[in-house]
2 protein chains.
Amino acid sequence: MIVIKIGGSEGTDFAAICADVAARIAAGEKFVLVHGGSNETNQLSEALGHPPRFVTSVSGQVSRYTDRKTLEMFIMAVAGKVNTLLVEALQRNGVNAIGLTGLDGRLLEAKRKDTIKVVEDGKTKILRDDYTGKIEKVNVALLQSLLMQGYTPVVAPLAISTTHDAVNVDGDRAAAMIAGALAADMLIVFSNVPGLLRDVNDPASLIGEIPRERLEEFAQFAKGRMKKKIMGTGEALAGGVKEIRLADGRVAHPLQNALEGRCTVIH
Amino acid sequence: MIVIKIGGSEGTDFAAICADVAARIAAGEKFVLVHGGSNETNQLSEALGHPPRFVTSVSGQVSRYTDRKTLEMFIMAVAGKVNTLLVEALQRNGVNAIGLTGLDGRLLEAKRKDTIKVVEDGKTKILRDDYTGKIEKVNVALLQSLLMQGYTPVVAPLAISTTHDAVNVDGDRAAAMIAGALAADMLIVFSNVPGLLRDVNDPASLIGEIPRERLEEFAQFAKGRMKKKIMGTGEALAGGVKEIRLADGRVAHPLQNALEGRCTVIH
């Protein structure tokens with residue numbers, strides 16, 4: 001069982017990953033896919049005249065401020081377009097995919113953080129009405145039932161909150177939670193970088209291997225989005241995942257490339 | 001087992017229908033919901049500068065011309081927003097809903113009609129690259145498995161074509177096909193009219209009952225969208241559904257109202 005996260009940033013080759021996944025499924029491997037959709041959401045938000053607003057939390061994490069209108073655009077772009085077209089691409093490759101959001105069957109239950117403390121122009125502010133959440137529970141039985149029936153779940157990073165609101169959740173951490181809950185053999189996180197780099201500007205500075213006990217030490221190299229990926233890595237390891245690979249989603253045969261070790265392997 | 005179609009036209013009270021459905025599910029009844037989303041699609045298309053184009057087939061049927069761009073907007077509005085918010089509304093009412101499109105697990109397989117003959121300005125034209133389809137197969141096993149596990153499927157009117165393209169399908173006929181495949185006890189079709197009217201301008205001219213053998217005779221009263229609902233009725237009856245109700249989705253307690261017979265009952 002392999003859980004794959006496909007990043008929503010520009011450059012990731014969804015079609016190439018789908019083709020690779022299809023080949024492994026035909027050979028008997030089982031997969032759960034989790035995707036992002038930030039790029040699509042940004043494009044839709046701009047087109048609809050409600051441009052995205054990114055905020056920096058007091059701990060330095062950058063995230064999308066999600067008011068109800070942004071949540072609905074996120075739903076359209078991510079649960080709608082990205083998820084459905086990914087299912088279509090997999091079906092074209094002979095994979096019987098099923099698209100789900102975390103709301104479906106309460107697949108992902110999250111604690112909503114309706115108030116966030118952010119730093120803007122050097123000042124700390126409180127933002128209310130935020131529809132984001134932190135996943136606390138995964139409906140493993142639903143995933144296992146679908147996998148047993150031969151379906152490949154494709155999960156959009158939305159959850160249902162404990163107070164029954166739809167909330168936006170971080171895709172990397174959703175994938176980590178799912179991989180942990182399924183005790184997956186491997187979690188592969190595809191994005192538009194080759195893996196964890198010592199120097200973010202030098203693709204040749206790829207860190208090939210990180211023993212799990214040294215994860216914190218290597219976390220210092222993570223910049224921007226990579227911080228959440230490393231955080232997700234820790235969660236996945238704690239959840240029981242044996243190995244995590246941070247890999248490039250832009251190369252030819254991205255899955256094959258990752259399985260052959262041209263990525264950052266944490267184990 | 002009751003299959004419900006909730007129309008996508010303006011006026012239909014989704015929240016009221018969800019609350020009614022939740023009460024019946026709590027009492028032990030099983031449901032499958034199918035929804036539309038034409039109004040949401042129109043709004044999104046307008047906002048994105050690609051306004052909807054409705055065409056009239058040579059047989060007089062009005063439908064949305066769905067090029068690839070329109071298909072993607074339909075997916076965002078219908079599979080994204082309408083489906084996910086319906087799942088959220090049901091979850092708020094304690095119903096463990098699962099949103100699906102017909103692509104998911106090949107729930108609805110359709111024959112794509114990529115070329116349509118339409119009449120425009122009195123002339124017959126051929127339109128190509130249309131992404132609409134006619135459903136030929138329902139994956140009943142998937143629906144039954146979800147129902148058995150206590151989930152309530154919520155289906156968006158999209159299908160996977162036999163050539164693996166996502167296609168837009170008619171929601172009324174999707175509901176009819178699903179009801180037939182499940183041999184449902186009842187199919188209830190909610191829209192923004194009280195049922196089949198003798199005079200489309202007079203709500204008091206509601207036809208209360210139609211014996212199935214007289215359906216064709218009564219079909220003459222159907223105008224506009226109601227034509228497809230009557231066509232769906234015939235398909236549902238042929239598929240083995242015992243009873244179809246065409247009911248008002250705008251009133252207080254729409255489901256209760258329909259079950260009490262204030263609608264058009266075909267049996």
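Predicted model: local features only at pLDDT ≥ 70, side-chain atom pairs only at ≥ 80, totals over all residues.
## Strand pairing around S12 of chain A

Two strands are taken to pair if DSSP finds at least two bridges between them. Strand S12(A), residues 186-191, is joined to strand S14 (residues 244-248) of chain A by five bridges, and the two run parallel. Within this pairing, A:Val189 has A:Leu246 of S14(A) as its bridge partner.

S12(A) is also joined to strand S1 (residues 2-6) of chain A, again through five bridges and in the parallel sense. Here A:Leu187 of S12(A) stands opposite A:Val3. Five of the six residues of S12(A) are buried, so the strand is largely enclosed by the rest of the structure. Burial in this sense requires 20 or more other C-beta atoms within 10 Å of a residue's own.

The surroundings of B:Ile178 illustrate the packing. Leaving aside residues up to four places away in sequence, B:Ile178 touches B:Val3, B:Val32, B:Val34, B:Val138 and B:Val155.

## An open antiparallel sheet in chain B

Chain B contains an open sheet of four strands in the order S4-S3-S7-S8, with antiparallel pairing. Strand S4 (62-64) and strand S8 (123-127) of chain B stand at the edges with a single partner strand each, so one side of each is left without a neighbour in the sheet. From one strand to the next, the twist averages 50°.

Inside this order, strand S3 (residues 54-57) and strand S7 (residues 116-120) of chain B pair over two bridges in the antiparallel sense. B:Thr56 has B:Val119 in S7(B) as its bridge partner.

The contact between the chains takes 28 residues from chain A and 28 residues from chain B. On the side of chain A that touches chain B, helix H3 (68-92) and strand S5 (97-102) of chain A each supply at least two residues. H3(A) gives the most to this side, with twelve residues. By class, this side of chain A has twelve nonpolar, ten polar and six charged residues. Of the interface residues of chain A, 100% are also interface residues in chain B, so the copies meet through the same surface.

## Loop residues with positive phi

A:His253, in the loop between S14 and helix H8 (254-259) of chain A, has a phi near 45°, a positive value in a residue other than glycine. With 15 other C-beta atoms within 10 Å, A:His253 is partly exposed.

B:Ala183, a residue other than glycine, likewise has a positive phi near 45°. B:Ala183 is found in the loop between helix H5 (171-181) and strand S12 (186-191) of chain B. B:Ala183 counts as exposed, with 12 C-beta neighbours inside 10 Å.

How values were computed:
Residues numbered from 1 in each chain as written. Chains lettered and ligands numbered in written order. Axes fitted to C-alpha atoms, helices over the stretch in contact; angles between N-to-C directions. Contact = placed C-beta atoms within 7 Å. Nonpolar A, V, L, I, M, F, W, Y, C, P; charged D, E, K, R; others polar.
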